[in-house]
Amino acid sequence: MSQPFEITINNRYSQNLEKEKVYGEKAVELAYDSMLGRTIAPIIASKPVSKLYGAMMDTEFSVHKIPGFVKDYDINLDDYKAGSIQNKEQEKSYKTFNEFFIREFKEGKREFVADTNKLAACAEARYYGHEAITDDLHIPVKGNMLHPLALLGKNEYSEAFIGGPVLIARLCPVDYHRYHYSDDGETLVNYNIPGELHSVNPLALKYRNDIFISNERRVSIVESANFGKLAYIEVGATMVGKIVQSADESKPHQRGDEKGYFLFGGSTVIVCGEAGKWRPSSDILESTKLGVETYIHLGDEMGVR
């Protein structure tokens, strides 16, 4: 096994480079940075294993994980709504680990940027961004692994995104795990693409650069009010119990409306756009060139016209 793999992120708010504390770091290293791990990785990435673990996080027994998780990752529960068990301190108000995992922010904790020239961040996450997808890109994966036809599958809208901007928002298990619409709009088409459930950790991407096009995905292509067509691609990952679409996609949506959420496990939302309609925010672009993700709050600016 090689030297320990460190993930460094650019924190937009502290203006510092920070080392990320990775949930399940040893397991990821074993699975993707060892001969044994790479042999058993297909088993770990199989749906039955992830679905079973996800189901375990839906049991009452799973609540014993919450206190240690909150302490280890310094989660400020004051930012979030309590769970469904009333008359108990917040840490004990969640009936399962999954209920805690999909906890909601309290009103006013995150505001969506109102300027219609700015594309609002769809998730509280760590972002890579490119102005245009080309085959010579290598961060975090090769450009041909981010090609719209590979990400979206071939349909009547896919070619609209060729040569356009892309944002990759990686959600860690410690993060808020709901994702939202970045602009007003309406859904043109939505569909599922079956696949595996590999980790989306940068270490896994280092060894398996096809993860975004081989993992299970859920796609929605929307016509936005201010940024042309947007493709939202929710990517499943190891131990993600389920990708849930909570929005009624038959109706128009507004900027900031909740779109859906991931049950237990870290995962990724990829947003593709049409060429010339917008570009990722400058700090995301600059950090991406250095191979570093940018940490951004839900609703803050992630792109501009």
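The structure is a predicted model, in which local features need pLDDT of at least 70, side-chain atom pairs count only at pLDDT 80 or more, and totals for chains, interfaces and linings use all residues. Residues are numbered from 1 along each chain as its sequence is written, and side-chain values use heavy atoms, with hydrogens and water left out.

**Overall make-up**

- The protein has 9 helices and 15 strands; these are DSSP runs numbered from the N terminus, with helices (H or I) of at least four residues and strands (E) of at least two.
- Of the 305 residues in the protein, 54% are buried; buried means under 20% relative accessible area, exposed over 50%, and partly exposed in between (1.4 Å probe, protein chains only).
- Among contacts (heavy atoms within 4.5 Å) with a separation of 6 or more, 75% are between residues 24 or more positions apart.
- The protein exposes about 13,600 Å², of which carbon and sulfur atoms supply 51%; accessible areas come from the Shrake-Rupley method with a 1.4 Å probe, and for residues only the protein chains shown count as cover.

**Salt bridges**

- The structure holds 20 salt bridges, each defined as a side-chain nitrogen of Lys or Arg within 4 Å of a carboxyl oxygen of Asp or Glu.
- Glutamate 20 pairs with arginine 170 in a salt bridge whose closest N and O atoms are 2.7 Å apart. Glutamate 20 lies in the loop between strand S2 (16-19) and helix H1 (25-32), and arginine 170 in strand S5 (residues 166-171), so the pair ties together parts that are 150 residues apart in sequence.
- Glutamate 20 is buried at 8% relative accessible area, and arginine 170 is buried at 6%.
- A network of salt bridges links Glu20, Arg126, Arg170, Asp175 and Glu293.
- Arginine 255 forms a salt bridge with aspartate 183, with 3.0 Å between the closest N and O atoms. This pair links distant parts of the chain, 72 residues apart: arginine 255 is in the loop between strand S10 (243-245) and strand S11 (258-262), and aspartate 183 is in the loop between strand S6 (178-180) and strand S7 (185-193).
- Arginine 255 is buried, with a relative accessible area of 16%, and aspartate 183 is buried at 2%.
- Lysine 251 and aspartate 248 meet through their side chains in a salt bridge of 3.9 Å, N to O. Lysine 251 is exposed at 51% relative accessible area, while aspartate 248 is partly exposed at 42%.

**Cysteines**

- The count of disulfides (pairs of cysteine sulfur atoms within 2.5 Å) is 0.
- Cysteine 122 is buried, with a relative accessible area of 1%, and cysteine 272 is buried at 1%.
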